[in-house]
Amino acid sequence: MKFFAHVTGQYAKTILITAALLLIAGGLYGTGVFSSLSAGNKTTAEGSQSETVTKFLSTQHYEPDAVILFDSKNNQIVTGDQYRTEIASLLSGIPNADFASYFTTSSNAFLSRDKTQTFVTVTFKNNDEEKNYKELENFQAAHESNLVNAEIGGSLVATKQISHQIEKDLMTAELISLPILAILLLIFFRSVVAAALPLVIGIAAIIGGLSVVRLLTSVTSIDQYAINVITILGLGLSVDYSLLMVNRFREEIKKHSTDEALRRTVMTAGRTILFSGLTVMVSLLVLTIFPISFLRSVGIGGASALLVAMVAALTIMPALLRLLGKRIDSLRIGPHHDKKQQGARWHRIGTTVMRFPLLVSGIVITLILVIASPALNMTFKANDYTVLPHASSARIVGEQLSQNFENSEPPLLVLYRHDGNVLSTQGINDLYDITQKIQGMPGVRTAQSITTVGGLPKELLSMLATTNSFPTELKGMVYDDDTTVIRVTYDGTPAGETAQQLVASIRDITPSNASVKVGGDPAIHADVVKAVGGKIGYALLIIAVAMFIILSLLLRSFVIPLAAIIINTFALLATFGILVVIFQYGFGTEWTWLLKTSGIDITIPVLIFAIAFGLSMDYAVFLYSRIREEYDKRGNTKKAILEGLAVTGPLITQAAVLLFVVVAAFASSKIAILQQVGVGLALTVLIDAFVVRVVFVPAVMQLFGRANWWAPKWLTKISIKHD
């Protein structure tokens, strides 16, 4: 830290001029990040069967790009000629596309149960997604009919609506959070100048974070969902770190010259920022071990944004403090907080807690476990239309298809690859046998392949193969001569027990002359669950070991790091319980903007755990570092705890409130996944700061007494000295 103290003290103006130029360039470059983000379903497990199937079928345009739902205005049956003519006329407004409907196939699958609704699938003849989505939007806006209402949906529409909503939500969240942060900082600091500094660093972190993410998109895929999470971290942590630096500088400038105050600030608060940043970075980078694009995107992008926040807090902030000096408290608003009175209040809280440490610990543990109990019933589900806002057309179409049509759930897609030509006699016989085998499995509604079209018997199909007399329609269902798809519908939902058992059962089939790979939403969900389950143990071990090493070096103790790792999980347990109550059970979703999803995507708890554990450890470093500093001065554990709490209690709770504002603003998103992340992080921050950190930690440290500081002698020689 001596390096940062020296450089920022000697070259403050140079640092600020350089930073200003970089931010101007970053602002121009970073705002284009949205066009570089990766869209689509990126929650597939990389290298899995389902991803292989998805990639192959996407090159063959197997699935339609969009769905248009037509609803009779007069509640009439839509199979008549007038509807055929009307719908065909409306579809003529969409150029360069192929359509499939009840009128082209005579399949009742395109009709709702009461036959007052029908849908048409749209497959574009080009790969220009922006142009194709624009055509669909134009159709939605321009169509006029006395017979039907039309809504656009399907994969292309959902992807674009999510992307546009995320961009809009990010701007809205920043517009909400920055003014509130400014007001709170004024309340906390009672000085316009002091309050402005964290905002300056926060804005710098946003610009820097967006620029880094855009740069990263040139070398790796960054998921569209990740951008908001990355911005949360950049803004929230930069404000937290700035708060710590400003508070410490104001404390030191009262007793020392500007240069000495800056040196002491960087050597103490700067060290805390460095170590707390390392703990958060470890938690984020652990996400990269999961073979899932969404998690890896947040891990890489979040660590990059964190690095920007740390560098800004350790360079730009000290440079600003150096130039301001005692003017840090300029433009006062009202009387300053009485630090002695504030410290006395937290001293009393600590004294009360430490008087009854066992009772307080028992109450906190019991309360958190009760709140966490709904998490035992957490249901994991696949991503679907419920992540979208209620008013989005893709969600409206998804809900209508799910509620009013048969076999509306996404099918299992079995990629069947024969050793020879699928349309040979052997190929057809083998495909027929496997299709019938799948059809006979429990929970299967239909298993459709070339051999089921027209309901022809096996013998006749073999004869057609011998004479190569298959119709063109059937030949079009074969890819590269040796590959075709068996489309399987089933009872229940993609994440349901029936569908998941079918995935396993079909994968157990080992045909002698062919291979099968299972894809589709049920298989994607199964593979993601397997991928997360296979890596979660390693992730937890890496986090635990890394945190233990970092905290041991900082605190010269083996006991506190172990306790901190265990204690940090408590706020998370409570958060998971509340998430289940809100998003799975739907409590509060009727009268708020939050969306009931009836389950949680399995990647969300992993994501929240990694980020929230890092943030909790961030506050742990704030508190433990100051307690260690006080213990080194006094040699008395109880006095060190009380003094550390008196000094950092206000700081931690203020930082938590500021971070809560940031993540709560991002929870205002209309995308369910981002709501879950925002609400989860907001809850964790509050519970950790106001319950775990200032109540539970002092109680536990009091129980351990002098044992808190136990460490082998060799550790004291290589760890940080708090002087």
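**Exercise 1. A surface patch**
Determine which residues form the nonpolar patch on the surface of this predicted model, and classify Leu28 as buried or exposed.

*Solution.*
Step 1. The patch consists of Ile17, Leu21, Ile24 and Leu28, which together have about 470 Å² of accessible area.
Step 2. Leu28 is located in helix 2 (residues 12-30).
Step 3. A residue counts as exposed over 50% relative accessible area. The relative accessibility of Leu28 is 69%, so Leu28 is exposed.

**Exercise 2. Two helices**
Describe how helix 19 and helix 20 are oriented to each other.

*Solution.*
Step 1. The axes of helix 19 (residues 521-555) and helix 20 (residues 559-584) come within 8 Å and cross at roughly 140°.
Step 2. Angles over 145 degrees count as roughly antiparallel, and 65 to 115 as roughly perpendicular; the rest, apart from those under 35, are oblique. Helix 19 and helix 20 are therefore oblique to each other.
Step 3. The crossing of helix 19 and helix 20 is right-handed.

**Exercise 3. A salt bridge across the sequence**
State which parts of the chain are linked by the salt bridge between Arg296 and Glu46, and classify both residues by accessibility.

*Solution.*
Step 1. In the salt bridge of Arg296 with Glu46, the closest N and O atoms are 2.6 Å apart.
Step 2. Arg296 belongs to helix 11 (residues 293-324), and Glu46 to the loop between helix 2 and helix 3 (49-59); the two are 250 residues apart.
Step 3. Buried means under 20% relative accessible area. Arg296, at 16%, is therefore buried, whereas Glu46, at 32%, counts as partly exposed.

How values were computed: Residues are numbered from 1 along each chain as its sequence is written. This is a predicted model: local features need pLDDT of at least 70, side-chain atom pairs count only at pLDDT 80 or more; totals for chains, interfaces and linings use all residues. Side-chain values use heavy atoms; hydrogens and water are left out. Patches are made of residues with over 30% relative accessible area and no salt bridge: like charges are joined within 9 Å, nonpolar side chains (Val, Leu, Ile, Met, Phe, Trp, Tyr) within 5 Å. Accessible areas come from the Shrake-Rupley method with a 1.4 Å probe; for residues, only the protein chains shown count as cover. A salt bridge is a side-chain nitrogen of Lys or Arg within 4 Å of a carboxyl oxygen of Asp or Glu. Helices (H or I, at least four residues) and strands (E, at least two) are DSSP runs, numbered from the N terminus. Buried means under 20% relative accessible area, exposed over 50%, partly exposed in between (1.4 Å probe, protein chains only). Axes are lines fitted to C-alpha atoms, for helices over the stretch in contact, and angles run from 0 to 180 degrees between N-to-C directions. A crossing is left-handed if the near helix is turned anticlockwise from the far one by less than a right angle, and right-handed if clockwise.
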